[in-house]
Amino acid sequence: MSQPPLRFVHAGDLHLERPLTGVSEIPDHLREAFLEAPYLAAEQIFETALTEGADALLLSGDVVHLDKAGPRAIVFLLEQFRRLADHNIAVYWAGGQNDPVDAWPPTATLPANVHRFPSGRVGNFEHKRRDQTIARIQGISRNPGQPVDDSGFHRDAKGLFTIGVAHGTAAAPGSEGDRVHYMALGGQHRRQTVDQSPGIAHYAGTPQGRTPDETGAFGCTVVSVDESGHVKTNFVAVDVVRWITETVELTAGAEVTTLLPQIDVRVNNLKAKHPDRDLLVTWRITGSGELLNELRPGGLSDELIGQLRHMYGQKSPTVWSVAIECDEPLCVPGEWYDEETIRGDVLRQLRELEEDDTIPLDLEEFFPASLKGSPLAELARVSSADRSELLVAASKLGMDLMSLDDAEE
């Protein structure tokens with residue numbers, strides 16, 4: 001049968017209660033952006049539904065944790081829902097871990113265009129356009145801490161395009177979309193299509209990255225269905241602050257005077273690629289050469305961060321340098337390891353620790369006696385995951401301090 005064309009916007013994991021985090025220093029001129037970004041990104045989702053002339057907005061869970069967000073989130077959502085209601089755009093909302101159905105206060109009456117799915121079972125709605133049913137919308141809200149039961153999803157017996165909405169899935173990998181034509185999933189911050197046949201299963205991702213690990217563009221998905229039932233998805237970026245990790249490779253002989261021009265080129269490229277957005281950039285320095293030895297926290301990295309923030313971080317939109325990371329191992333002449341000097345002793349001990357990870361790195365013995373055995377002492381126990389990074393930092397610090405001693409003699 002012929003399928004009436006339809007268009008809807010799929011979004012999830014708005015997390016209105018979560019500001020941006022993960023940086024050691026937030027400049028005054030970016031504090032508001034860190035707080036407001038989740039709301040501004042969410043507002044762009046509703047704006048997308050309006051500009052796209054969508055039939056519906058699908059919310060696949062974790063929209064807001066009301067206990068943490070407070071009344072502002074309620075007022076915001078009611079205002080946005082009413083904007084859609086004024087244009088006959090329906091909202092279908094499946095609760096997630098943080099926004100179960102019973103978390104919404106009964107005194108804050110939702111507009112008639114907002115449909116909540118029940119928890120524990122799949123609920124069904126017929127989506128209509130001018131009194132004609134054009135799609136079936138099914139969904140389930142989560143009971144926090146419990147898995148989603150996919151067994152209640154099924155395609156419409158009369159052939160109507162069927163949409164499922166849920167925060168997560170218990171279906172086996174590759175079969176997440178088998179029960180419906182389009183499965184709108186939440187619970188994953190990265191946008192991803194996990195199943196394409198016979199039905200599509202898609203995570204829209206979160207609309208705003210919150211930490212330096214959530215790099216790149218975030219947004220929502222516009223889904224178009226034509227008369228033959230063919231589905232086309234289109235990503236729409238709605239984030240207002242974007243995390244970037246940019247890698248700069250150094251060659252032997254590179255100096256600070258050559259590194260800064262490279263970064264300048266990258267900054268201009270980033271501005272062109274991500275216009276009209278504040279960028280939070282972590283610079284990852286790789287390659288070879290003695291300059292890598294100086295790039296460490298407390299050393300040249302801190303000096304460069306200060307320069308970059310002054311050069312690029314004061315304008316709007318800003319390119320704010322979050323950190324300079326350089327995990328490259330120490331680069332020194334091989335003969336230094338054979339020296340009968342303090343430097344040679346240090347290098348040989350560090351090499352032994354790098355090559356034999358069975359040698360424990362327990363720094364508690366260096367704590368004052370009053371702190372040994374205290375909760376703070378846990379910080380002195382180095383995990384295997386942090387071991388390599390710590391040894392690289394220690395080797396660079398040691399060589400840097402010895403070079404300072406040599407310079408003073």
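Is glutamine 208 buried or exposed? At 0% relative accessibility, glutamine 208 counts as buried, where buried means under 20% relative accessible area, exposed over 50% and partly exposed in between, with a 1.4 Å probe and protein chains only.

The model shown is predicted: local features need pLDDT of at least 70, side-chain atom pairs count only at pLDDT 80 or more, and totals for chains, interfaces and linings use all residues. Residues are numbered from 1 along each chain as its sequence is written, and side-chain values use heavy atoms, with hydrogens and water left out.

View 1. Helices (H or I, at least four residues) and strands (E, at least two) are DSSP runs, numbered from the N terminus. A polar atom of the glutamine 208 side chain lies 2.6 Å from the backbone oxygen of valine 241. Neighbours within four places in sequence aside, glutamine 208 is in contact (heavy atoms within 4.5 Å) with Leu20, Ala37, Pro38, Ala41, Glu214, Phe218, Asp239, Val240 and Val241.

**View 2. Cis peptide bonds at proline 198 and proline 317.** Omega is near 0° for the bond from serine 197 to proline 198, and proline 198 is found in the loop between β9 (192-195) and β10. For the bond from serine 316 to proline 317, omega is near -5°. Proline 317 lies in the loop between α6 (300-312) and β15 (319-325). Most residues other than glycine have a negative phi, and most peptide bonds are trans.

**View 3. Positive phi at aspartate 62 and asparagine 88.** Aspartate 62, in the loop between β2 (56-59) and α2 (66-69), has phi near 55°. Its relative accessibility is 6%, so aspartate 62 counts as buried. Asparagine 88 has phi near 60° and is placed in the loop between α3 (71-85) and β3 (90-93). With 72% relative accessibility, asparagine 88 counts as exposed.

**View 4. Helix α7, residues 342-355.** The expected span of a helix is 1.5 Å times one less than its number of residues. For the 14 residues of α7 this should give 20 Å, and the end C-alpha atoms are 20 Å apart, which agrees. Gly344, Leu347, Leu350 and Leu353 are the buried residues of α7. An α-helix has 3.6 residues a turn, so residues three or four places apart point the same way.

Methods. Polar contact = N/O pair within 3.5 Å; in protein donor to acceptor, adjacent residues only side chain to side chain.
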